[in-house]
Amino acid sequence: MIRNRSICVGILLIFLTSAFGCGGQKTNYVNQVTSNYLKEYNVCNSKIEKLGNYNGLKIADIQEVLSEEELDLAVEKRIAEELENASSFEIVHERNKVRKGDFVSISFSVYNEKNEEINHVPKQILKVGAGYYDKQLETVLVGKIVGKTYTEKLIVPSNISKKELVGKTETFKIVVNSIMKCCQQKLSQSFVKKFTKYKTVDEYKEAIRKQIGNEYQETCEIEKKEHILEQLISKCEFYIDEDEIVAIAADIAGVAKQSAKINGMEFEEYIKQLYGMTKDEYYERLYEDAETQTKTILLIGALANKMNLKYDEDENTEREYNILYNEVCNNLIAKER
């Protein structure tokens, strides 16, 4: 998906209110930076045909600073995440028989009723009996011996998207590679020294606090810019080549399909688990996002030309676009304050 990145750019407001004309005025809408940026996504035909009225745009009313209580909760959550990320698994050598509650590393292949391989997962770490991965698979792992190959017949559950497969039998060939224990990290001075650049727990907490505060302010700025552009987009006229937008959405979906395959999941299940959407809902969202971002880039180009914003020639088209994006949005917001 074409995404905007927030870059702090100090600018001088060099235009007056009269610089913002009403819709219908002739303007050179073709901007070299945005044109080149869109070409990277094979968007060549879509264009902006008419700029809307700039006046009366509203700045989003956003709480720009987190309360102390909100900050405390955010810091606690962030530290918990970092502790979990720093945790590791160690192989258990004392025994080789799987118990409920064990973490195990397995590999498996799945075969349909015609004995055709339909899936292969070279490595999967899961907690037996937790129900997070596959309840049936986790259940049959109890009592298995490390290193041996087992054949199990499992019934396709009712919660998958391909309803024609529900109730059918699939054959799993499973190997338990190892039994493992999770070594959970605890917040301590030794953790801080080993996994961060700080020396004490208090110093680490304070750094996390400042980081979260800065991130929140950056998020507020992004939301303000998106809000003001959404208003202006609704006032403009565009020609959007649907084939170009479909192609962008298809490229993004292709990446998601590859991720699903790597994770040993059906695409529909992957989308449902990750986004809580059906496949059709996901495709519709991709199209809407691609269309909105294309309109945004076209609008930024037209506004940059209208405002006579200058830019340095740069081999990095995305960086050039981000600078224009921030300058245009900062000008729009400054005008309405």
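Buried means under 20% relative accessible area, exposed means over 50%, and partly exposed lies in between (1.4 Å probe, protein chains only). This is a predicted model, in which local features need pLDDT of at least 70, side-chain atom pairs count only at pLDDT 80 or more, and totals for chains, interfaces and linings use all residues. Residues are numbered from 1 along each chain as its sequence is written, and side-chain values use heavy atoms, with hydrogens and water left out.

**View 1. Helix α9 is mostly covered.**
Helices (H or I, at least four residues) and strands (E, at least two) are DSSP runs, numbered from the N terminus. Helix α9 covers residues 317-336, which makes 20 residues. Of these 20, 14 are buried. From its first C-alpha to its last, α9 reaches 29 Å. That is close to the expected 28 Å, where the expected span is 1.5 Å times one less than the number of residues.

Is E320 buried or exposed? E320 is buried, because its relative accessible area is 7%.

**View 2. E68 and R209 form a salt bridge.**
A salt bridge is a side-chain nitrogen of Lys or Arg within 4 Å of a carboxyl oxygen of Asp or Glu. The structure holds nine salt bridges. In the one between E68 and R209, the closest N and O atoms are 2.5 Å apart. This pair links distant parts of the chain, 141 residues apart. E68 belongs to helix α2 (residues 68-86), and R209 belongs to helix α5 (residues 201-233). E68 is exposed, with a relative accessible area of 53%. R209 counts as buried, at 18% relative accessibility.

**View 3. R78 and E215 also meet in a salt bridge.**
How far apart are N and O in this pair? The distance is 2.8 Å. R78 is in helix α2 and E215 is in helix α5. The two residues are 137 residues apart, so this pair links distant parts of the chain. E215 counts as partly exposed, because its relative accessibility is 29%.

**View 4. E152 and K144 pair through their side chains.**
Their salt bridge spans 3.0 Å, N to O. K144 counts as buried, at 10% relative accessibility. Elsewhere, shared partners make a network. Which residues are joined in it? Salt bridges that share partners join E64, E221 and K224 into one network.

**View 5. G213 lies in helix α5.**
G213 counts as partly exposed, because its relative accessibility is 22%. Compare the place of G213 with that of E64. In sequence, G213 and E64 are 149 residues apart. In space, they are 9.5 Å apart, C-alpha to C-alpha.

**View 6. T139 lies in helix α3 (residues 135-141).**
Is T139 buried or exposed? T139 counts as exposed, because its relative accessibility is 56%. V128 is 11 residues away from T139 along the chain. The C-alpha atoms of T139 and V128 are separated by 7.0 Å.

**View 7. N42 has a positive phi although it is not a glycine.**
The angle is about 60 degrees. Where is N42 found? N42 is in the loop between α1 (32-39) and β1 (47-50). N42 counts as exposed, at 58% relative accessibility.

**View 8. N308 is a residue other than glycine with a positive phi.**
Phi of N308 is near 60 degrees. N308 has its place in the loop between α8 and α9. N308 counts as exposed, because its relative accessibility is 52%.
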